[in-house]
Amino acid sequence: MKSFFSWSGGKDSMLALHRALDAGHHVDALLAMFDESGDRSRSHALPPALMQAQADALGIPLVMRRASWTDYEAVFTEQLRAFAAQGITHGLFGDIDLQPHRDWEEKVCAAAGIEAVLPLWQEPRRKLVDECLALGYRARVVCVDARFLDKSFCGREFDAAFIADLPPGVDACGENGEFHTFVFDGPRFGRPVPHTLATIHELTPVAPAPGHFFVAELR
């Protein structure tokens, strides 16, 4: 099964990739979407150099595309059609249970003649967190939504202590957008991804993202 992975660089993506590889998918590319400048990934605000180092450690080519929110779907679909022309038949995604996300993924894949596959779909969120940690994956929290978490949570390692400190009502998976992560080591990595926490920024994004966020500057 020749596949691409819609790659955020986070823990859910990693667990879905891990499962897909176990299931026999040959992942030809990690597709990461960046903002118009190419400075930050759309999903987790990661710099391209760090995502490239991550892909290199995983041994999978990284495809980086730039897009505004206005042309995001068009650019994404264009890339999927290019993948299909290369013989890729499946698209892998790390979503767990948000139906609008799955609907969009199935729509863009269908437009390119590719089958969407979601290895984590409809599994209990906390079970997935426990599985990811039990496998030995390590991740750093790189973005938190200030509506749910304060600045002190940003930049921490995603581990049992982090989960224990989460306020009531905040999902351990962060699937509601409470926080995002960057995976830097684990059983599928040829080596850990070296990085340092330089500082933490407060960011007020443009629409459609609401509120404001604390973002870890990793180097």
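View 1. The bridge partner of F5 is L30 in β2. Strands and helices here are DSSP runs numbered from the N terminus, with at least two residues (E) for a strand and at least four (H or I) for a helix. The model is predicted, and local features require pLDDT of at least 70, side-chain atom pairs count only at pLDDT 80 or more, and totals for chains, interfaces and linings use all residues. Residues are numbered from 1 along each chain as its sequence is written, and side-chain values use heavy atoms, with hydrogens and water left out. 5 bridges pair β1 with β2 in the parallel sense; two strands count as paired if DSSP finds at least two bridges between them. Of the 5 residues of β1, 4 are buried, so this strand is largely enclosed by the rest of the structure. Buried denotes under 20% relative accessible area, exposed over 50%, and partly exposed the range in between (1.4 Å probe, protein chains only).

**View 2. An open sheet is built from 5 strands with parallel pairing.** The strand order is β3-β2-β1-β4-β5. From one strand to the next, the twist averages 30 degrees. Strand β4 (residues 90-92) runs parallel to β5 and is joined to it by 3 bridges. Within this pair, L92 of β4 stands opposite V117 of β5.

**View 3. Helix α1 (residues 11-22) packs on the sheet.** The helix touches β1 (2-6), β2 (26-34) and β4, where contact means heavy atoms within 4.5 Å. The direction of α1 makes about 170 degrees with that of β1. Axes are lines fitted to C-alpha atoms, for helices over the stretch in contact, and angles between N-to-C directions run from 0 to 180 degrees. From its first C-alpha to its last, the 12-residue helix reaches 17 Å, close to the 16 Å expected at 1.5 Å a residue; the expected span is 1.5 Å times one less than the number of residues. Because 10 of its 12 residues are buried, α1 is largely enclosed by the rest of the structure. Among these buried residues are M14, L15, L17, H18 and R19. Just after α1, G24 adopts a positive phi of about 105 degrees.

**View 4. Helices α1 and α5 (residues 125-134) cross at roughly 75 degrees.** Their axes come within 10 Å. The two helices are therefore roughly perpendicular to each other; angles under 35 degrees count as roughly parallel, over 145 as roughly antiparallel, 65 to 115 as roughly perpendicular and the rest as oblique. In this packing, K11, L15 and R19 of α1 meet K127, L128, E131 and C132 of α5.

**View 5. Helix α3 (residues 72-85) packs against helix α4 (residues 99-111), with axes that come within 8 Å.** The axes cross at roughly 50 degrees, and α3 and α4 are therefore oblique to each other. The crossing of α3 past α4 is right-handed; such a crossing has the near helix turned clockwise from the far one by less than a right angle, and a left-handed one has it turned anticlockwise. On the α3 side the contact is made by Y72, E73, F76, T77, L80 and R81, and on the α4 side by W104, K107, V108, C109 and A111. V108, placed in helix α4, counts as buried at 1% relative accessibility. Leaving aside neighbours within four places in sequence, V108 is in contact with E73, F76, T77 and L80. The C-alpha atoms of V108 and R125, 17 residues apart along the chain, are separated by 25 Å.

**View 6. Several residues of α3 are buried, including V75, Q79 and F83.** Y72, F76, T77 and L80 are also buried in this helix. Elements that cover the buried residues of α3 include β1, β2, β3 and α4. The end C-alpha atoms of the helix are 20 Å apart, which agrees with the 20 Å that its 14 residues should span at 1.5 Å a residue. After α3 comes G87, whose phi is positive, near 95 degrees.

**View 7. A45 and Q122 are residues other than glycine with positive phi.** A45 has a phi of about 55 degrees and is found in the loop between β2 and α2 (48-58). With a relative accessible area of 18%, A45 is buried. For Q122, phi is near 65 degrees, and the residue is placed in the loop between β5 and α5. Q122 counts as exposed, at 51% relative accessibility.
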